[in-house]
Amino acid sequence: MAAGAGEHERADPSIGDSRPAALVLNGVSKYFNEVCALESVDLQISQGEFVTLLGPSGCGKTTLLRIVAGLDRLDTGVVEISGHTSTSTPPEQRPVNYVFQHYALFPHLDVADNIRFGLKVARTPREEAAERVGTAISMVQLEGLEARRVDQLSGGQQQRVALARAIVNRPDILLLDEPLGALDLKLRKEMQLELRALHRRLGGTFIYVTHDQEEALVMSNRVVIMRSGRIVQDGTPQAIYRNPRNRFVAEFIGETNLLAAQATETAIIVRNLDLRIPNESNATGDVSLSIRPEHLRLDDGAGTTEGGRLSVGGELLDSIFLGSLYRHLVRLGDGTILTVQELATDDRDHAIGSRVVVSWSPSDTAILPG
């Protein structure tokens, strides 16, 4: 069984350890009047990582990004970028570029001039600027649109222009504040893959903000989960999904089933369901068992479980066909409703209202505090 642990613990401490730090935050706090937006945040991001800041609205994600960019001043703490203390460095002198949610393009300029704007401000030589603009346009696949005004582009094309304008300056860190939020679902999914590919081609450091759990899992090699101005878990997408540290993370990342239980020194007991599990964790007192829907298996009422699998009986409330999957809803004896996700096969047919058995492996059970 997977056991929960303390807050803000790296799930995979080996990530980026051999690479220099692109960003270090120590004790960063930010208040807006008396409202705490960030509370003593510590974070280190290595060069070349694609890190997503994930959390609900108002948790401090964008504030943290703006502090790194220098757009907001912190109240306490230190910001280091590429080995240099940057706490008081003006935004225009920081080796970072910011992609806003609504792109902030210049509508009176064409694609090439929008991308060239930062190089013009930096007084980059004409020939070098032309070469870098051409490279950026190629990277975001906008060839042939150089002379088109940005207000004549689609949403996806405008998003590419914003990305090209950000990468043409070759920043040490690219900051992306929900840049796909204005796109429709199909285009959003396409752009997620394009951003992954762009990160691989550039080899730079990306810090991405979103409240979309699937987006974070798809794009990142590391996810930082935030809540109420604090980091509550930090690690690879796989580690966070499989081993959430608490109920908030378990419910926020993907979908999970929770069973209230009591942990003693030797066992974890779900009294209402007559379920008793050996306690192989350090948990004591009130706990929750977290089991992902895809780890559950559905059998009819006469079925048996084997190989040490855990099982509970219940009533099948509904079965929803999702193409390649079935989503079953099962009500247990204490009223708890479990969600079971199975591959859709012709030989799996359970009648609504029938008695069923839900089983799972102890190794797929995460023990969470509280």
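Residues are numbered from 1 along each chain as its sequence is written. In this predicted model, local features need pLDDT of at least 70 and side-chain atom pairs count only at pLDDT 80 or more, while totals for chains, interfaces and linings use all residues; side-chain values use heavy atoms, without hydrogens and water.

**Exercise 1. Which residues touch the most other members of the largest nonpolar core, and which element gives the largest share?**

Solution. 
- A nonpolar core is a set of buried Ala, Val, Leu, Ile, Met, Phe, Trp, Tyr and Cys residues joined through side-chain atoms within 4.5 Å. Buried means under 20% relative accessible area, exposed over 50%, partly exposed in between (1.4 Å probe, protein chains only).
- The largest core has 34 residues, of which Ile115, Val161, Leu163, Leu176 and Leu195 touch the most other members.
- Elements are DSSP runs numbered from the N terminus: helices (H or I, at least four residues) and strands (E, at least two).
- Those giving two or more residues to this core include helix H2 (111-121), helix H4 (155-167) and helix H5 (185-202).
- H4 provides the largest share, six residues.

**Exercise 2. Why do the buried residues of H5 lie on the same side of the helix?**

Solution. 
- The buried residues of H5 are Leu187, Arg188, Met191, Gln192, Leu195, Leu198 and His199.
- They lie on the same side because their arc around the axis is only 145°; the arc is that of the directions from the helix axis to the C-beta atoms.
- An α-helix has 3.6 residues a turn, so residues three or four places apart point the same way.
- On the other side of H5, Lys186, Leu193 and Arg200 are exposed.
- At the N-terminal end, Asp184 caps H5, with a side-chain oxygen 3.2 Å from the backbone nitrogen of Lys186.
- Just after H5, Gly203 has a positive phi of about 70°.

**Exercise 3. How many residues apart are Phe50 and Tyr208, and are they buried or exposed?**

Solution. 
- Rings of Phe, Tyr and Trp (its six-membered ring) pair if their centres lie within 6.5 Å; planes under 30 degrees apart count as stacked, over 60 as edge-to-face and the rest as tilted.
- The structure holds six aromatic pairs. One of them, Phe50 with Tyr208, is tilted, at 6.1 Å centre to centre and 45° between the planes.
- Phe50 is in strand S4 and Tyr208 in strand S9, 158 residues apart.
- Phe50 is buried at 2% relative accessible area, and Tyr208 is buried at 0%.
- Ring pairs link Phe50, Phe206 and Tyr208 into a cluster.

Conventions. Polar contact = N/O pair within 3.5 Å; in protein donor to acceptor, adjacent residues only side chain to side chain.
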